[in-house]
Amino acid sequence: MDCLFCKIIAGEIPSKMVHQDDVTVVFPDINPKARVHLLILPKKHIPTIADLEDGDEKIMGHLMRVAQKVPRAQNLSGYRLQFNVGKDGGQEIFHIHCHLLAN
């Protein structure tokens, strides 16, 4: 597979993991758009939100729980969560990921 995020998950490309469990990983964006800019993604390769299948609700629910826990652990009082879906929606890497941004 030629997915950048899958290579990071597999450890083929180094990244500073902020959080990691059996379903998700969280690491800093290499081109931050805010003081804190983290990417939260499932380990399962799913290209876009439009590609979710039956049963992926559990993965995405877990991803949202991680999006709640990570900012707490970093003492962030406010933040934004953003999904870009598809090329026309600004998605650059086709592996579902949520941007967590805080100033």
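Which strand is Thr24 found in? Thr24 sits in strand β2, where strands (E, at least two residues) and helices (H or I, at least four) are DSSP runs numbered from the N terminus. Before going further, keep in mind that this is a predicted model, with local features needing pLDDT of at least 70, side-chain atom pairs counting only at pLDDT 80 or more, and totals for chains, interfaces and linings using all residues. Residues are numbered from 1 along each chain as its sequence is written, and side-chain values use heavy atoms, with hydrogens and water left out.

Back to Thr24: its relative accessible area is 0%, so Thr24 is buried. The cut-offs here are under 20% relative accessible area for buried, over 50% for exposed, and partly exposed in between, using a 1.4 Å probe and protein chains only. Leaving aside neighbours within four places in sequence, Thr24 is in contact with His19, Leu41, Pro42, Lys43, His62, Leu63 and Val66, contact meaning heavy atoms within 4.5 Å. Phe27 also has its place in strand β2, and at 2% relative accessibility Phe27 counts as buried. With neighbours up to four places away again set aside, the contacts of Phe27 include Phe5, Met17, Leu38 and Leu41.

Now zoom out to the sheet. Five strands make an open, antiparallel sheet in the order β1-β2-β3-β5-β4; two strands pair if DSSP finds at least two bridges between them. The edges belong to β1 (19–20) and β4, each with a single partner strand, so one side of each has no neighbour in the sheet.

Five of the five residues in β5 (residues 98–102) are buried, so the strand is largely enclosed by the rest of the structure. Cys98, Leu100 and Ala102 are buried on one side, and His99 and Leu101 on the other, which leaves both faces covered. Strand β3 (residues 36–42) pairs with β5 over five antiparallel bridges; His37 has Leu101 as its bridge partner, and Val36 stands opposite Ala102.

A pocket is an open set of points on a 1 Å grid over the protein atoms alone, where a 1.4 Å probe fits, with protein on both sides within 12 Å along at least five of seven lines; lining residues have an atom within 4 Å of a point. Of the 21 lining residues, Asp29, Asn31, Leu39, Glu92 and His99 are the closest to the centre. Two or more lining residues come from each of α1 (4–9), β2 (24–28), β3 and β5, with α1 giving the largest share, three residues.
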